Amino acid sequence: MNEPYYEVVQDFYTSDLKKPTLKEVNVWPCTGRSSSSSGVSFFCLSLLCLIGSLLGHPQCLDYGPPFQPPFHLEFCSAYDNFGCCDQERDNSIAAKYWDIMDYIDPRGHKLCGTYIKDILCQECSPYAAHLYDAENPRTPLRNLPGLCFDYCSEFHLNCHSAISLLTSDKHIQECCETNRTRFCDLLHLHDEDYCFPNVLKNTALNRNLGSVVEGRKGCLQLCLTEVANGLRNPVLMVHANDHTHRMFIAEQVGMIWVYLPDGSRLEEPFLDIKSIVLATPWIGDERGFLGMAFHPKYKYNGKFYIYYSYMDKNRVEKIRISELKVLASDANKADPRSERNLLELEEPAANHNGGQLLFGVDGYMYLFTGDGGKAGDPFGKFGNAQNKSTLLGKVLRIDVDGKNPDGKPYSIPPDNPFVSDPKARPEVYAYGVRNMWRCAVDRGDPVTKKGRGRIFCGDVGQNRFEEIDIIVKGGNYGWRAKEGFECYDTKLCHNSSLDDILPIFAYGRNVGKSVTGGYVYRGCESPNLNGLYIFGDFMNGRLMALQEDKTSKWKKQDICIGSTRACAFPGMVSSYSKFIISFAEDEAGELYFMSTSYPSAYAPHGSLYKFIDPARRAPPGKCKYKPVPVKTKSKRIPFVPRAKTVLELLNEPSTTKPPKKSSTPTAAIPTVPSKKAKKTPFTKTKASTVKTASGKKRQKIKAEVKPHKLKQEDKVAPISRTTPAPPLPKKKSSHLTRTKKLLPKKGALAKEKLEKRRKEGR
C-alpha cells in the first residue's frame, strides 16, 4: 500500500518488455534474405537480427494476426483450424503446387510431392511472418520459408532439382541446386524452435495458439493503436449510428470534434459551447461537458442530446440536459440555436455531477446523476441517493419523443417502476447511486444476442471500494448504506428494507481508487474478446476485464499493454497516458478508451486508443464495411501519431546510459510534459535500476507521466468523482479569475496547490 505507484504498475504493465542490448546477445548473420531483383543475398546488421529474435509470435505475411478460416481448406488442411489462409488463398497455393508438379516426373511426384506441398503451405502457418522474415515491414521478405537443417538436407538430397521451380531467385538457383550446405544455410533460422517442421512440434508455441495471450502473472495481453491525440480531457466518444462511421469526440471544455473513417479530423468543431460550459483548469475538476447521446433515429430527425455543467445568472451551479439538432446545410455542424432544455438540476457541490446519457434498446433515454457531491452523501436524513423524491443519485428514464400534460418537454414511460408512488419522482428508474462514471449498453452476442440490452455502469466509491453494476428496473444500489459489498452507513445498512442490488464486481484500494466504466466487447475484428467487459481505473491507469461464467459469476483479469513480443505489429503502440477518463465503442462495435497525462480540462494531452487482440483476428473481408459518404465543408486535418510504435522502438539503438541522480522523491506529482518531450514506452533495462525511498532496488519505468499511489489524506480529486469539491470562490471576485490562479505551472507548485485543496475538503 505504501509503495509508490510506478513500482506497482511495473507488475502488470511491463510483462515481457525487456529489450536486450547488443552486449547481451550473440551477433549472427541473418541469412536467407535474398532479393530477386538484384540477385544478392542479404546479411543484415546485428540489430535487425536482434529484432528478429524478439518477434517470434503468431503473425501472417500481411503483418496481421492469424485467424480461423471461415471455410474448410482443401489443400493446406494442416491449417484448417487456425492460420493465415482463407479458402481463396488455399486454392491459389494448390494451383501453384500443380503447376510445379507438371514439370516433375512420376517418380518425383512420390518422392518430392509432400516436401513441395509443405514448403508452399508455410504461407498458411500462424507463424508465417517469422518463417519468411516478414515481422518487420522494413526488412526484405524471404523467397522460401525457414527450414530446419535436417529437414532441409533431406529435401535437398531428394528434390534439389525442384528448387528452381519453387523460387525465381537466380542467386539461389545458381548457387544452391548443387550445394546442399549453402542452400540450407540460406534457409536457416537462428531460433530453431520456429523453423519448419519444429514449429509444429513445439508445445509451448502451440498450446494456446489463437487464444488471448496471458502474461506470466495471468494478465491478458492486448495491444493498442493510437487514433487521436492533442485533446483537452476527452470525456467521451460516440457515433451517430447513421452508417457514416464518423466518431464524435467531446472535450470537457465544451467542444465536440468530428473524426472521419480515414482518421482525419475536421478543422471546425461539430459543436462549440465552451462559453456556456462551466469548466476550470483545476486538476481533477469534475464540472464541464460530461455527456452526449444521439437519438436512435438521428439519421432521420437530426436530434442529439448533451449533458453539461453551467452557472446561472444567480451564480447557482446546475446540470443541464438539452436537445439540439444538426444543421440542415451541413451534416458536420450542430445548430447551437436549436437548443431545447429538457431538464435542469441544481448541484449542491462541485463534485459528483454524473454525466452519462444513453438510449436503451427500448428507445428511452437513460440519465445518470450524481448524489450531489461532498462526501458521504450528507443531504437529508438518508442522503439524496436513497431519497426517491429527488433526482440526484439516480438512474432516470424518460421519453424524449413524448409530451407531458404538465408542460414538461418529455414524458414518463408508463412502465417506469415508481410512477404510482406519490413519494417518488416518476422519472426514477433506479436509485442508491453514488456517482456512476461511464455506463454502456451491451449489444449482445453477435450470433445468439445473449446479453443484449444490459446496461453496465462503474460507480465510484467513497474511500474503500469501487464497483461495477448492471442496472435493473427499480433497483436500489445501496449507497449510502453500502459501498461495494460492505456497509458504509451502519444504521442504514442493517435496515431490513434495504433490499439492495449487489455489484457484479467490486475492488478495493489495493487495486485502484476511481473506477471508469467500460463496455462489453461485441466487435468483429477481435473475436477472442467477445463477451469481455473491459474497464479501467482513472487514478492508476489500470485496465481490467470481467468474464462471465456459466453460473453468471464474473471473474476479473488484469490487461497488460505493450509487450514487445505480442504487439510487434505495424501501428501498435506500447504506452498510453495513464489517467483513463472514458471508454468508447465505434459504429462497428470496436472498443476504445480515452486518457490523458494531465487531468486538467484545458491541457491538450488527451489521446484516444483502440484495443487490438494480437493473438487472433477475424478472417480477411469479414469486418469490411462501406461508410456512407458525408459531404465535408470544413478542412480535413490528417492524423499525425505521436506515440512511437513497438516496431519503431525496436529499431532504435539500445542505450546503456546510467540514470541521472535526482534529489526529488521517486513518487512525484505529475507535471505538464514539454511539447518537445517524446513519449517513453514502458520498458525496463539493466541500466535503469534505481533505489526507491525505502531503499529497495526497483526497475525504473520510463513513462510520459509517473503518477503515484496517493495516501488517503493526499488524494487528488479525479474527473470520475471520488472526493468532495472545494468551496466555491467568494462572490466578490470573478469565479474564473480565481480558478485560473490555481492552474499549476510546475510540478512543485502543482503539489503545493493540490495539498492545499485537499485540506479544504477536496
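Residues are called buried here when their relative accessible area is under 20%, exposed when it is over 50%, and partly exposed in between (1.4 Å probe, protein chains only). By this criterion C60 is buried, because its relative accessibility is 2%. The structure is a predicted model, in which local features need pLDDT of at least 70 and side-chain atom pairs count only at pLDDT 80 or more, while totals for chains, interfaces and linings use all residues. Residues are numbered from 1 along each chain as its sequence is written, and side-chain values use heavy atoms, with hydrogens and water left out.

Eleven disulfides are found in the structure, a disulfide being a pair of cysteine sulfur atoms within 2.5 Å. One of them joins C60 to C84, with an S to S distance of 2.0 Å. The torsion about this S-S bond is about -85 degrees, so the link is left-handed.

C76 sits in the loop between helix 2 and helix 3 and C121 in the loop between helix 4 (106-120) and helix 5 (128-131), so parts 45 residues apart in sequence are tied together; helices (H or I, at least four residues) and strands (E, at least two) are DSSP runs, numbered from the N terminus. Both C76 and C121 are buried.

Turning to helix 3 (residues 87-101), N91 is found there and is partly exposed, because its relative accessibility is 45%.
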